Amino acid sequence: ICFCKESNKLLGILDVQNTPCAREAILHGAGGSVAAGLLYFLATSRVKRSFDVGFAGFMVTTLGSWFYCRMNNAKLRVQQRLIQEGIKNKVAYEGTVMDPTKKGKAEAPSGPS
């Protein structure tokens with residue numbers, strides 16, 4: 001794995017610094033590969049197969065972490081868009097007849113009866 005200082009690209013393909021979730025996914029993948037390979041080696045003492053299992057662990061953990069992070073980012077963007085629309089509507093309709101905060105309010109008596 002080559003991290004080039006000029007472009008911050010992993011293997012010249014993935015711009016890790018500017019791609020959302022890339023850094024975290026690769027770090028999780030590295031941890032997953034070490035854990036999977038080491039556990040398989042301790043269980044079976046087979047070196048080549050442990051490397052294969054470690055590589056598979058890297059791929060699975062990286063992709064799983066990537067998709068989980070991207071789904072959470074998409075959900076967060078939808079929530080932010082809804083909040084921005086709500087704030088825009090509140091500013092636009094505040095103090096008018098169409099104010100959504102005044103629709104369901106009935107005037108309550110001010111004193112005890």
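I began with Asp52, which counts as partly exposed at 33% relative accessibility, where buried means under 20% relative accessible area, exposed over 50%, and partly exposed in between, with a 1.4 Å probe and protein chains only. The model I am reading is predicted, so I kept in mind that local features need pLDDT of at least 70, that side-chain atom pairs count only at pLDDT 80 or more, and that totals for chains, interfaces and linings use all residues. Residues are numbered from 1 along each chain as its sequence is written, and side-chain values use heavy atoms, with hydrogens and water left out.

I then looked for the partner of Asp52 and found a salt bridge with Lys48, whose closest N and O atoms are 3.4 Å apart; the term stands for a side-chain nitrogen of Lys or Arg within 4 Å of a carboxyl oxygen of Asp or Glu. Lys48 is exposed, with a relative accessible area of 63%. Both residues lie in helix 2, four residues apart, which is about one turn of the helix. A search of the whole structure gives one salt bridge.

Next I noted the overall build. The protein has two helices and two strands, and along the sequence they follow the pattern β-β-α-α; helices (H or I, at least four residues) and strands (E, at least two) are DSSP runs, numbered from the N terminus. Of the 113 residues, 15% count as buried. The accessible surface comes to about 9300 Å², and 64% of it belongs to carbon and sulfur atoms; such areas come from the Shrake-Rupley method with a 1.4 Å probe, and for residues only the protein chains shown count as cover. Among the contacts with a separation of 6 or more, 42% are made by residues 24 or more positions apart, contact meaning heavy atoms within 4.5 Å.

An unreviewed UniProt entry annotates residues 25-43 and 50-68 as "transmembrane region"; its positions are in the numbering used here, feature names are shortened, and annotations may be inferred rather than shown by experiment. In the model, residues 25-43 are 100% helix and 0% strand, with end C-alpha atoms 27 Å apart. Residues 50-68 are likewise 100% helix and 0% strand, and their end C-alpha atoms are 26 Å apart.

Turning to the surface, I found a nonpolar patch formed by Val34, Leu38, Leu39, Phe41, Leu42 and Val47, with about 620 Å² of accessible area together. A patch is made of residues with over 30% relative accessible area and no salt bridge, like charges being joined within 9 Å and nonpolar side chains (Val, Leu, Ile, Met, Phe, Trp, Tyr) within 5 Å. Helix 1 (residues 22-44) gives the largest share of the patch, five residues. Leu38, which is found in helix 1, is partly exposed at a relative accessible area of 48%.

Is Ser50 buried or exposed? I read it as buried, because its relative accessibility is 6%. Ser50 lies in helix 2 (residues 47-93), and its side chain reaches the backbone oxygen of Arg46 at 2.5 Å. Not counting residues up to four places away in sequence, Ser50 touches Gly37, Tyr40 and Phe41.

My last entry is Asp99, found in the segment after helix 2 and buried, with a relative accessible area of 6%. Leaving aside neighbours within four places in sequence, Asp99 is in contact with Tyr93 and Glu94. The C-alpha atoms of Asp99 and Asn89, ten residues apart along the chain, are separated by 8.8 Å.

Methods
Polar contact = N/O pair within 3.5 Å; in protein donor to acceptor, adjacent residues only side chain to side chain.
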